[in-house]
Amino acid sequence: MEVSFSKEIESLRLKRGDTFHGEGILAITKALLQSGVAYIGGYQGAPVSHLLDVMVQARPYLDELGVHVEACANEASAAAMLGASIHYPLRGAVTWKSIVGTNVASDALSNLSSPGVKGGALIVVGEDYGEGASVIQERTHAFALKSTMCLLDPRPHLPQMVRMVEHGFRLSEASNMPAILELRIRACHVRGSFEAGDNLPPPVSTRQLMADPAPFDYMRLAHPPVTFRHEKLKAEERIPAARRYIAENGLNELMPGRHADLGIIVQGGLHNALVRALQQLGLADTFGQCDIPLLVLNVTYPLVPEQIADFCIGKRGVLVVEEGQPEYIEQEIATHLRRRDIQTRLHGKDLLPMGGEYGVEALAQGLVQFAASYLPGPATEQARRWLAANRERREAAAALLARPLPARPPSFCVGCPERPVFSALKLAQQQMGPVHVAADIGCHAFGTFEPFSMGHSILGYGMSLASRAGVSPMMQRRTLAIMGDGGFWHNGLLTGVQSALFNGDDAVLLIFKNGYTSATGTQEIISTPEEDAKFASSDKSRSIVHTNQTIESTLQGLGVKWMRTVHTYEVDAMRRTLVEAFTSDFDGLKVIVAEGECQLERQRRIKPWIASLLKKGQRVVRVKYGVDEDVCNGDHACIRLSGCPTLTLKDNPDPLKVDPVATVVDGCVGCGLCGANAHAATLCPSFYRAEVVQNPRWHERLLHAVRGAFVRVLQPA
């Protein structure tokens, strides 16, 4: 992991009386230590990646406290860590991105929730939901309901977020239920301050070891027949205990307003957006004081029926602001009111969008309808005008364009070692025909966009090889599965490779070996090269991942008989290897390891190194590629085959030619893909390679001067 969190780590040492300043996810991290957490685990992934990354880099300090930290292979192994809290008074916290991570962890979570926990168990998930999300559109709420876990959704205000972490552990211990703390991306990165507390060394820790294990207790196992008893305990003891704790400690916030005959019940995480939307109607001020009473649900499961009833009784109408579908909270509130024969009119998804993220404008549209029914007046009309003006601005902006802007799909980073493999695959399919491509989660998923447009399915991290199992027997040609080294270790090794070998499947697996879990922030994995290899190779190869052969050794040990390792930038060699894999007489799993270090990590490593050389006055050579404008024929096949962001078009300098020519713009990192593609596809020889020499030696300066003088002599006057 090359990104440093040294400044963030220092803020974890703040003591009582100090003031913490920073963003939400770091405040959560500090709150864990203030709560006496004993162990922390998780799987990297936005938008809560900083929590685990900071903890991993803060290990020396956490060792002082006796806190154990573990970077887990996947979310399932992280969730299984919480098994320590079943028997022992250990507070544990794990983290991942939801909903995909919670899907992976669901088996362990179900078996954790059945016997319940003794020590507080807190699961911090990034609720990656909405139009800007990077995952499928589902909600963590369903898992809390299914497995009977407390669900916390704190108001995005740092003191409140820290308070909910501390109470989350206590709530878990009081109810014996694991607790989920969900954080939307705005909550993760909201900035603010709070009065810090002392970090609490856990009473049982790596420095205060237990002498003996807990006595055997079959009731603490998630195993029939005791699971039947567990199910009754959930309803008879755990949920009532959780509701008592929520009510007694005021975890949900009641905010009064002058329109006491109306009310809004809102998920805690949506509070800030709701207040901003209310401001558009003149129903809230800049300090967050609202004219309509609010019940802010910092705990969205379980709800406290008495609290809901007390808030709703006597009101003309109540609006439930719940993001996503189905409307779990609204349905439960309606049930509680109906059972008590409370006739307050309940609104929610009838006024607000059923799905999608609730931004200020989406909330304002629903609030306008709510206010029009109960508070008609000039404020409502003003909000309608504001919404109409927003629509008019969009329409005016669209009208200014003579034609729609061209689509600009996401793409690989400049110099990404995975781009040339897709170029080679494109060339290989021209030779042997199209193939079914099972894609996967990771940077290589950008291959599903233009100019490659490859990938028939994405069914989960590391699941590509498993997902083609039903297709392979039905195809005349072999199928191709693609996964990265992160996906290989996360799930692909067992669900894909082991299954394919066991069943004798005849398929092709392409593993991108770039040395990191790159898509989630270039975290290190078991196949990441050692530090010595990284810095020893800084001035040599474009790739240093060949120094770690863990993937190849694992595949060989598992029984893979056909395996090739090819450098990703060698496009022609990669094309030949792909064709060989699809046409080989070998009947069985064929694995191609595409080896090329993540360009981001390479740049992070070599830029400081190059800067230090320049500072010392030493010679540095930088490679640049360009296009000879006189040779370029303007068919742009190089761009269609590469997709590199630094390879684009410019006007043809020849006045007799109309077609624009290709050009390499600033930002080129000298990976050489454009030239390799031109060679592999026998394109026009318009690409040239140039070396930019900084701090040249004396004889290089002399040779340059002689060459320059000779060129000037040859030039016409």
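A crossing of two helices is termed left-handed if the near helix is turned anticlockwise from the far one by less than a right angle, and right-handed if it is turned clockwise. The model described here is predicted: local features require pLDDT of at least 70 and side-chain atom pairs count only at pLDDT 80 or more, whereas totals for chains, interfaces and linings use all residues. Residues are numbered from 1 along each chain as its sequence is written, and side-chain values use heavy atoms, with hydrogens and water left out. Helices (H or I, at least four residues) and strands (E, at least two) are DSSP runs numbered from the N terminus.

Two packed helices are described by the angle between their axes and the distance between the axes. Axes are lines fitted to C-alpha atoms, for helices over the stretch in contact, and angles run from 0 to 180 degrees between N-to-C directions. Helix α15 (residues 360-374) packs against helix α16 (residues 378-400) at an angle of about 145°, their axes being 10 Å apart. The crossing of α15 with α16 is left-handed. Contact (heavy atoms within 4.5 Å) is made by V360, E361, A364, Q365, V368, A371 and A372 of α15 and by T380, A383, R384, W386, L387, N390 and R394 of α16. The residues of this contact comprise eight nonpolar, three polar and three charged; Ala, Val, Leu, Ile, Met, Phe, Trp, Tyr, Cys and Pro count as nonpolar, Asp, Glu, Lys and Arg as charged, and the others, Gly among them, as polar.

The axes of helix α19 (residues 485-503) and helix α21 (residues 550-558) come within 11 Å and cross at roughly 15°. Helices α19 and α21 are therefore roughly parallel to each other, a term applied to angles under 35 degrees. Their crossing is right-handed. On α19 the contact involves D485, F488, W489, L493, V497, Q498 and L501, and on α21 it involves T550, I551, T554, L555 and L558. Eight nonpolar, three polar and one charged residues make up this contact of α19 with α21.

Helix α17 (residues 419-432) and helix α25 (residues 673-680) pack at an angle of about 15°, with axes 11 Å apart, and are therefore roughly parallel to each other. The crossing of α17 and α25 is right-handed. Residues R419, P420, S423 and L427 in α17 meet L673, N677 and A680 in α25.

Helices α7 (100-113), α19 and α23 (599-615) each give two or more residues to the lining, and α7 provides the largest share, four residues.

Most residues other than glycine have a negative phi, and most peptide bonds are trans. The peptide bond from P224 to P225 is cis, with omega near 10°; P225 is found in the loop between β8 (191-195) and α11 (226-248). The bond from E450 to P451 is cis, with omega near 10°, and P451 is found in the loop between β15 (437-438) and α18 (464-467). S453, in the loop between β15 and α18, has a positive phi of about 50°.

How values were computed
Angles under 35 degrees count as roughly parallel, over 145 as roughly antiparallel, 65 to 115 as roughly perpendicular and the rest as oblique.
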